[in-house]
Amino acid sequence: MESQYFDSVIKEMEPFIEENGFLSTEKGVYSNDKKSFKVAYDDNRKMFVLTVADIDEENNIGEYSEIDAWLFDETQTADDAVSVGMDFVDVLKKNMGIKNKAKTSFDIDLPTSDSEKYGVSAFTKKALDTYPQLKDTYKAYVAKYGTFLYLNFFGEYLVPLIANTVNEAGKKSGKKILDMVEPAFIKGDNDASNAAIACLAAVCVKYPDSIDRVSEILSENAALKTSVLSFANTLKNNKKLKAVLVK
């Protein structure tokens, strides 16, 4: 199992780990004054496994018992790893008797741009600035799921809006698309760049009549055009990714 997926699971759990006073004792093992838990990948079962043990008043760790497990084979992605981390946190909270505090959209901040890194947050901010009608949708989405599953969100809400803009006549619509996706493609990290490409590719797959218009809009950026059309061909045959991006 690639370490990036293990790291994605742990990263999703970090707020819970910090809030509840857990400290890392070794890779994937965390303890506070009452509980110790382990996150591990079982190669034989092809599963992420969560085990937990009680810690007594003398700081002795009891026997670990499995309380959750997720099938995770070579078909899974980083987004799936995030889902594993979310579920592990929910199971640990139940084990520890911690009730979730319900969040509302009023508790959710809009994404911001990092001056030193153009990541998914920066691309999302650009998308919400381009389509401000999605700002409340974004807040409600994050409040509902407790995290931002950006590809799912883009597929459900952003791709249809991009398609509408793509199919508008005139230079302004093309500029609107380029202004949104080019910064992510040119200076974004892998996640931001791939997200921008994926959104336009999803438009091409969902609305095949839009391919010529997308090609026209991207005509002055050959690298971006090639990346989008190439990913569109891949997306057609990737059922799992298509289910996420093409609603």
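Author: Of the 247 residues in the protein chain, 43% count as buried. Buried means under 20% relative accessible area, exposed means over 50%, and partly exposed is in between (1.4 Å probe, protein chains only). This is a predicted model: local features need pLDDT of at least 70, side-chain atom pairs count only at pLDDT 80 or more, and totals for chains, interfaces and linings use all residues. Residues are numbered from 1 along each chain as its sequence is written, and side-chain values use heavy atoms, with hydrogens and water left out.

The protein chain has ten helices and five strands. Both are DSSP runs numbered from the N terminus: helices are H or I with at least four residues, strands are E with at least two. The C-alpha trace spans about 75 × 40 × 30 Å along its principal axes. The accessible surface is about 13900 Å², and carbon and sulfur atoms hold 48% of that. These areas come from the Shrake-Rupley method with a 1.4 Å probe; for residues, only the protein chains shown count as cover.

Now the contacts. A contact means heavy atoms within 4.5 Å. Take the contacts in the chain with a separation of 6 or more: 56% of them join residues 24 or more positions apart.

Next, the core itself. A nonpolar core is a set of buried Ala, Val, Leu, Ile, Met, Phe, Trp, Tyr and Cys residues joined through side-chain atoms within 4.5 Å. In soluble globular proteins, nonpolar side chains tend to be buried together. Here the largest core has 53 residues. F123, F154, L158, I162 and V228 have the most contacts inside it. Helices α3, α4, α5, α6, α7, α8 (211–217), α9 (222–237) and α10 (239–245) each supply at least two of its residues. The largest share, twelve residues, comes from α7. Apart from this core lies another, of 22 residues, with L50, V84, F88 and V89 among them.

Look at I162. Leaving aside neighbours within four places in sequence, I162 is in contact with Y131, I177, M180, C199, L200 and V203.

Helix α3 covers residues 120–130. Its buried residues are V120, A122, F123, T124, A127, L128 and T130. They pack against α4 (135–145), α5 (150–166), α6 (171–187) and α7 (190–206).

Still, α6 bends by about 35° at V181, and a proline, P183, follows within four residues. The bend is the angle between axes fitted to the seven residues ending at a residue and the seven starting there.

Now the charged pairs. Side chains of opposite charge can pair when their charged atoms come close. A salt bridge is a side-chain nitrogen of Lys or Arg within 4 Å of a carboxyl oxygen of Asp or Glu. By this rule there are nine salt bridges.

One sits in α3. D129 pairs with K125, with the closest N and O atoms 2.9 Å apart. The two residues are separated by about one helical turn, because they are four residues apart in α3. D129 is partly exposed because its relative accessible area is 39%. K125, at 31%, is partly exposed too.

Another bridge joins D189 and K117, with the closest N and O atoms 3.7 Å apart. This pair links distant parts of the chain, 72 residues apart: D189 is in the loop between α6 and α7, and K117 is in the loop between α2 (78–96) and α3. D189 has 22% relative accessibility, so it counts as partly exposed.

D42 is partly exposed at 23%, and R45 is partly exposed at 37%. D42, R45 and E66 are linked in a network of salt bridges.
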